[in-house]
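I opened my notebook to look up a few loops and helices. Here is what I wrote down.

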Amino acid sequence: MFTLILPTYNEKENLKEFLPKLEVLFNSKNTLYEIIIVDDDSPDHTWQWAQEYSLKNSRIRVIRRITEKGLSSAVVTGMASSKGNTIGVMDADMQHDESILPKMIDLLKENDLVIGSRRTFDGSYGEMNWYRRILSYGATILAKLILPINTNDPMSGFFVLRRNIFEDSKDRINPRGYKILLELLAINPKMKIAEVGYSFRRREYGETKLSGSVMQQYIIALIDLRLGRILSWTFIKYGVTGCLGVFINLFGQFIFNQYFSNTHQRNIKENMLLPSTAVAFGFELSVISNFFLNNFWTFKDRSKKDFKNGLTALLKFNSISLIGFIIQYSCWFFLLQVFLEYFPIFFSEFSTYIANLIGILIATVTNYKLNNSYTWSEK
Ligand code: GDD
Ligand code: MN
């Protein structure tokens with residue numbers, strides 16, 4: 001069965017023409033179908049009209065959403081309650097050309113997803129005004145720059161897909177704004193995709209819901225999709241905290257060395273105790289400052305506020321940092337030996353800082369993993 005999802009907001013007049021057209025189309029092709037209208041409690045009572053209409057055709061269902069709002073989330077709601085093994089999404093305002101639907105569904109035999117595209121040789125933006133065209137072009141170029149996307153019209157609100165693609169992605173879709181297709185493309189970079197051209201039609205009734213805030217949400221979504229592929233926001237914050245910690249760490253080492261200024265490079269070979277203590281001092285200083293930043297910023301949503309939990313977390317953080325420190329120290333010590341042994345001419349006091357820095361970077365990654373799942377575990 002094929003499920004067609006029609007998200008609507010004030011589309012009563014359009015549906016009156018569109019639903020009969022779709023029924024004729026599907027019947028003429030003998031398509032086993034269901035149509036799900038997902039309406040966000042439209043002021044023009046689209047939902048009410050559609051509910052009455054659906055009494056005549058049991059293949060049409062209406063979902064009226066009261067609390068939730070938004071195009072993408074309406075589409076996800078529709079998909080979640082669909083029964084088809086293939087699912088389609090289309091605007092309800094007749095700007096998309098339904099006559100290419102049979103071809104799109106057919107192409108799902110060899111593809112995971114098929115896009116109704118305005119940007120193929122036989123597709124076009126139709127009478128869309130220059131302002132909207134530039135926006136659409138711009139958004140497409142931006143998406144292609146930021147995400148690994150090969151399709152021509154990732155902005156399309158017209159596409160069909162295999163059910164399993166939705167099932168595999170549903171937990172990862174962030175249903176914000178307009179760009180449900182973009183989310184699907186970003187989540188499933190290996191999908192087999194085809195495009196079918198059509199010309200975008202003019203809107204006869206009602207008006208577009210695309211607004212400035214939709215545009216803004218779009219940019220945020222793009223950046224988020226990109227970063228989410230490599231890093232989480234938590235890790236970025238942890239990284240920023242860590243960077244600050246690196247400076248505090250090196251600063252601590254420096255202060256300590258200054259204070260006991262007999263640590264001159266000539267002594268390093270004979271006496272490792274003082275320079276080692278300097279490294280340890282810098283380390284502990286950064287552990288404490290990082291703990292507070294992480295507790296009240298990085299892991300703010302899981303922060304330990306009362307004294308007892310805070311102290312336990314500090315101890316956990318400290319012991320994990322100690323593991324990190326052993327890694328850091330081993331790297332530092334090892335690199336220093338390598339320097340003294342093989343590059344004695346280049347050796348300077350500066351080398352001890354470089355060696356320490358490399359150690360710190362390696363320890364940061366292991367520490368993050370441990371702190372994320374242990375100190376500030378989500379339970
Ligand atoms: N349920 C629900 N909730 N439906 C909505 C909402 C909402 O918040 N906002 C819009 N819709 C419905 C509209 O009723 C329409 O059926 C469809 O989603 C598309 O909305 P339009 O407001 O007509 O979008 P557009 O024509 O300006 O935008 C076109 O171009 C975009 C990119 O260039 C559409 O083709 C989009 O799908 C496309 O992404
Ligand atoms: Mn439209």
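I looked up N30 first. At 70% relative accessibility, N30 counts as exposed (buried means under 20% relative accessible area, exposed over 50%, partly exposed in between, with a 1.4 Å probe and protein chains only). N30 sits in the loop between helix 1 (12-28) and strand 2 (33-39). Helices (H or I, at least four residues) and strands (E, at least two) are DSSP runs, numbered from the N terminus. The phi of N30 is near 55°, a positive value in a residue other than glycine.

A note on the source: this is a predicted model, where local features need pLDDT of at least 70 and side-chain atom pairs count only at pLDDT 80 or more, while totals for chains, interfaces and linings use all residues. Residues are numbered from 1 along each chain as its sequence is written, and side-chain values use heavy atoms, with hydrogens and water left out.

Next I checked D41. D41 lies in the loop between strand 2 and helix 2 (46-54). Its phi is near 55°, positive in a residue other than glycine. D41 is partly exposed, at a relative accessible area of 26%.

Then I turned to helix 5. I asked what span its 17 residues (130-146) should have. At 1.5 Å a residue, they should span 24 Å, and the end C-alpha atoms are 24 Å apart, which agrees. The expected span is 1.5 Å times one less than the number of residues. I listed the buried residues of helix 5: S136, A139, T140 and A143. They cover an arc of only 100° around the axis, which puts them on the same side of helix 5. The arc is that of the directions from the helix axis to the C-beta atoms. An α-helix has 3.6 residues a turn, so residues three or four places apart point the same way. The face turned away from the buried side carries the exposed residues W130, I134 and L145.

I also looked at helix 12 (residues 307-342) and helix 13 (residues 349-375). Their axes come within 7 Å and cross at roughly 150° (axes are lines fitted to C-alpha atoms, for helices over the stretch in contact, and angles run from 0 to 180 degrees between N-to-C directions). Helix 12 and helix 13 are therefore roughly antiparallel (angles under 35 degrees count as roughly parallel, over 145 as roughly antiparallel, 65 to 115 as roughly perpendicular and the rest as oblique).

Last, I found N372 in helix 13. N372 is partly exposed, at 24% relative accessible area.

How values were computed. Chains are lettered from A and ligands numbered from 1 in the order in which they are written.
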